[in-house]
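Subject: Structure handover

Hello,

Here is the structure for you to open. Please keep it on screen while you read my notes below.

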Amino acid sequence: MGTMADLRGGDHRLARWSIGWRPPWVRRVVPAVEEAAEHTKLWWAAAGLMAAVGGWRGRTAAVAGVVSMATAQVLSNAVVKQLSRRRRPPREWVPPEDLRGRPASSSFPSGHTAAGFAFAGAVTPVWPAAGAACGMSAVMVAAERVHSGAHYPSDVAAGGVIGLAAAALVRAAPRLPWRHVF
């Protein structure tokens with residue numbers, strides 16, 4: 001029991017430190033990242049750009065990214081969030097300007113992070129350079145979710161795991177039926 005309490009305490013301390021860290025450049029970047037990640041706009045835009053300029057590889061990467069993102073969203077928001085009723089970080093930790101628009105749903109896991117990691121995880125095997133750019137963006141979204149007070153670090157870690165699992169599942173899905181037929 002002591003180990004779980006220690007992990008929870010560390011999770012809370014890291015969240016509180018991240019929420020309170022406010023250098024000027026972060027105050028300029030975080031709102032843009034938050035806006036881009038809202039309603040998966042960033043990933044839809046990336047898919048559109050890849051499909052438009054990337055030829056066959058871009059279209060394949062875009063489809064894989066979108067399907068993985070949708071799978072991660074279902075797993076994180078429709079399944080795991082419904083099973084876990086974790087409260088978000090306390091309102092008193094969060095600056096008032098970051099409280100508006102804060103979700104009321106369960107904090108665990110981060111659906112934004114799951115979507116980002118799923119998209120990047122699916123794009124990377126098809127188009128590594130685009131996947132690297134998407135991966136950096138997914139990490140920025142995860143950091144923003146903690147910094148804005150919407151999630152604890154463990155919420156974004158779980159979202160990342162769900163996203164990468166969704167990408168692996170989507171990548172393996174076309175081959176699964178053949179394994180049982182032959």
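Glu 144 and Arg 145 are both buried, where buried means under 20% relative accessible area, exposed means over 50%, and partly exposed lies in between (1.4 Å probe, protein chains only). Their side chains meet in a salt bridge, at 3.5 Å from N to O. A salt bridge here is a side-chain nitrogen of Lys or Arg within 4 Å of a carboxyl oxygen of Asp or Glu.

Before you go on, note that this is a predicted model: local features need pLDDT of at least 70, side-chain atom pairs count only at pLDDT 80 or more, and totals for chains, interfaces and linings use all residues. Residues are numbered from 1 along each chain as its sequence is written, and side-chain values use heavy atoms, with hydrogens and water left out.

Back to Arg 145. Find it in helix α7 (residues 128-147). Helices (H or I, at least four residues) and strands (E, at least two) are DSSP runs, numbered from the N terminus. Arg 145 counts as buried because its relative accessibility is 3%. What does Arg 145 touch, not counting residues up to four places away in sequence? Its partners include Glu 34, Pro 103, His 112 and Val 156. Contact means heavy atoms within 4.5 Å.

The search of the whole structure finds 2 salt bridges. In the other pair, the side chains of Arg 86 and Asp 155 meet at 2.7 Å, N to O. This pair links distant parts of the chain, 69 residues apart. Arg 86 sits in the loop between α4 (55-83) and α5 (96-99), and Asp 155 in helix α8 (residues 153-172). Is each one buried or exposed? Asp 155 is buried, because its relative accessible area is 0%. Arg 86 has 22% relative accessibility, so it counts as partly exposed.

Now look at the loop between α5 and α6 (111-126), where you will find Ser 106. Its relative accessible area is 4%, so Ser 106 is buried. Beyond its neighbours within four places in sequence, Ser 106 is in contact with Lys 81, Ser 84, Arg 85, Arg 86 and Arg 88. Pro 31 is 75 residues from Ser 106 along the chain, and their C-alpha atoms are separated by 22 Å. Pro 109 is also placed in the loop between α5 and α6. A cis peptide bond joins Phe 108 to Pro 109, with omega about -10°.

Phi is near 55° in His 39, a positive value in a residue other than glycine. Thr 40 also has phi near 55°. His 39 counts as exposed because its relative accessibility is 64%. Thr 40 has a relative accessible area of 11%, so it is buried.

Last, the whole chain. How many helices and strands does it have? There are 9 helices and 0 strands. Of its 182 residues, 43% count as buried. Among contacts between residues at least 6 apart in sequence, 78% join residues at least 24 apart. The C-alpha atoms fill a box of roughly 55 × 40 × 25 Å, taken along the principal axes.

Best wishes
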